Amino acid sequence: MIMNLSSPVLAFFITIVAVFLVIRFLAKTSVLHILAGCWRSFEDKFYVYQIFKVPQFNDLFLENQLYRKVSTYLASLPAIEDSDFTNLFSGSKANDIILHLDKNQEIHDSFLGARVRWSNERYCEGNGKRTLVLRLRKKDKRRVLRPYLQHILSVADQVEQKRNEIKLFMNLEKNPCENGRWRSVPFTHPATMDTMIMDGDLKNKVKADLELFLKSKQYYHRLGHVWKRSYLLYGASGTGKSSFVAAMARFLNFDVYDINISKVSDDSDLKMLLLQTTSRSMIVIEDFDRFLMNEKSRDVSLSGVLNFMDGIVSCCGEERVMVFTMNCKDQIDQAVLRPGRVDVHIQFPSCNFSAFKSLANNYLGVKEHKLFSQVEDILHYGGSSLSPAEMGEIMISNRNSPSRALKSVISALQSQINSGDLRGPGKVDQRMIASRSARSSRDETGETGGVFSQESSVHAVREFKTLYGLWRMGSRRKESMDLSSPAEKEDSQKAA
């Protein structure tokens, strides 16, 4: 009797153990995953699905912003890690890892109780263009589709704001096999408005002008104007124009489209590049004067450039800032520089004494020094000046010894006077410089005479030229920024 009762119990116990061992074995293998996939495929046979495609580009090769938003949303889903194939990319920061759905793979999502599937497919063979495909059960379409898309946009915006990532776009040469003309990389330039060495009042005017522009959408529309703003940055090489472009992008938090005109084939191609840019972006053309002055070798006409700056095509997109940089604007056709095409002119002069003190503070950590008075005399009375980049390089090379750095700056400035390569507005007053130099020398060394001999000055300049190179470009000082109308300028000149 006891054996009869124990046999079923023993058999049941053995069955439970066997089932547990089988489940444990299956859990360690892909069998359950395969069975689940087979069940989903079987279940899908009994449902009718609605398919929606989100292509990367439209028929005019314009980037589909919804594609970018959906890609950002899918990359944020935990389910992407469960996809059969997932691409791993490094982010803008060293410790950022970004996951992207691989081609022809699926990812599952759910919203309001409805299950949806996304896949990344190629929709045009031979050119690499992709499309994201959404599969949604037809019975759920009216209830889920629009709220789901709004949910995607909201999450994507939150992810992008959290990243706070600015992109730098560069145009490629025209190639029918390429999907679009722009390629992007993270914009990591560290320059900000706070780090820029320039006149404080001018910097505040530019910041105020940019802030006012961002708030003026309704004002521009009421006037019937396109919501855009154009800036011309002009000055000798090394005066900080490119760094200021980066600072503007950081201040606005706009993506940067850097146009290389040498890769533009004709006027229509230039228009197409503009059409493929996005709103809330900066469009930059550097060394614009070289292009305008070189008429024989350029493929884009002056008419094409003018239409790009202020033509009908420029209205395709809003909240844009255009920035052009030049070394000199004196010989440029005034049709290019008229208001509407260029709204704000900002000059970047060679280094004055105020800028020099800011550089010394930033590069050397020195706010006051006995040699400052000698530098001030040379800059004010000698007519000599270096660009901020030139002075910055001298200070970087001698950053371990502030005194040596300042002496090297003085040597370079004195060498300019001796060679006649003067950039400042004043005439050379050698007696004033010599007397002030002698006083500075006595204050520091207790000896009479100049701080440096002619031989040491020449040696320091030769060393500096080897490290950096001196530019020999003339620069006339003009009004740094002009936000007023020509009539207001005329009235102020009469009053003066």
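**Figure 1. K215 in the α5–α6 loop.** K215 is exposed, with a relative accessibility of 72%. The structure shown here and in every view below is a predicted model. K215 sits in the loop between α5 and α6 (217-223). Its C-alpha atom lies 9.9 Å from that of E319. Along the chain, K215 and E319 are 104 residues apart.

Figure 2. The side chains of D209 and R229 form a salt bridge, with an N to O distance of 2.9 Å. D209 belongs to helix α5 (residues 200-214) and R229 to strand β9 (residues 228-234), so the bridge ties together parts that are 20 residues apart in sequence. D209 is buried, at 9% relative accessibility. R229 is buried too, with a relative accessible area of 16%. Both values fall under the 20% cut-off for a buried residue.

**Figure 3. Helices α5 and α7 cross.** α5 passes α7 in a right-handed crossing.

**Figure 4. Helices α8 and α10 pack together.** Helix α8 comprises residues 267-275, and helix α10 residues 302-310. Their axes are 9 Å apart, at an angle of about 15°. That makes α8 roughly parallel to α10, because the angle is under 35 degrees. The crossing of α8 past α10 is right-handed.

**Figure 5. The salt bridge of K139 and D140.** The structure holds seven salt bridges. One of them joins the side chains of K139 and D140, at 3.4 Å from N to O. What sets the two partners apart in accessibility, buried or exposed? K139 is exposed, at 61% relative accessibility. D140 is buried, at 5%.

Figure 6. E368 and K357 meet through their side chains in a salt bridge of 3.7 Å, N to O. This pair links distant parts of the chain, with E368 in the loop between α12 (353-364) and α13, and K357 in helix α12. The two residues are 11 residues apart. E368 is exposed, with a relative accessible area of 59%. K357 is partly exposed, at 32% relative accessibility. Elsewhere, salt bridges that share partners join K139, D140 and R143 into one network.

**Figure 7. H380 in helix α13.** Helix α13 spans residues 372-381 and contains H380. H380 is exposed, at 55% relative accessibility. The C-alpha atoms of H380 and F353 are separated by 7.9 Å. The two residues lie 27 residues apart along the chain.

**Figure 8. A nonpolar surface patch and V17.** Which residues form the nonpolar patch on the surface? They are L10, F13, I14, V17, F20 and L21. Together they have about 610 Å² of accessible area. V17 lies in helix α1, which covers residues 2-27. V17 is partly exposed, with a relative accessible area of 33%.

**Figure 9. Positive phi at N253.** N253 has a phi near 60°, a positive value in a residue other than glycine. N253 sits in the loop between α7 and β10 (255-258). N253 is partly exposed, with a relative accessible area of 38%.

**Figure 10. Positive phi at D287.** Phi of D287 is positive, at about 55°, although D287 is not a glycine. D287 occupies the loop between β11 (281-285) and α9 (288-293). The relative accessible area of D287 is 32%, so D287 counts as partly exposed.

Technical notes
Residues are numbered from 1 along each chain as its sequence is written. This is a predicted model: local features need pLDDT of at least 70, side-chain atom pairs count only at pLDDT 80 or more; totals for chains, interfaces and linings use all residues. Side-chain values use heavy atoms; hydrogens and water are left out. Patches are made of residues with over 30% relative accessible area and no salt bridge: like charges are joined within 9 Å, nonpolar side chains (Val, Leu, Ile, Met, Phe, Trp, Tyr) within 5 Å. Accessible areas come from the Shrake-Rupley method with a 1.4 Å probe; for residues, only the protein chains shown count as cover. A salt bridge is a side-chain nitrogen of Lys or Arg within 4 Å of a carboxyl oxygen of Asp or Glu. Helices (H or I, at least four residues) and strands (E, at least two) are DSSP runs, numbered from the N terminus. Buried means under 20% relative accessible area, exposed over 50%, partly exposed in between (1.4 Å probe, protein chains only). Axes are lines fitted to C-alpha atoms, for helices over the stretch in contact, and angles run from 0 to 180 degrees between N-to-C directions. Angles under 35 degrees count as roughly parallel, over 145 as roughly antiparallel, 65 to 115 as roughly perpendicular and the rest as oblique. A crossing is left-handed if the near helix is turned anticlockwise from the far one by less than a right angle, and right-handed if clockwise.
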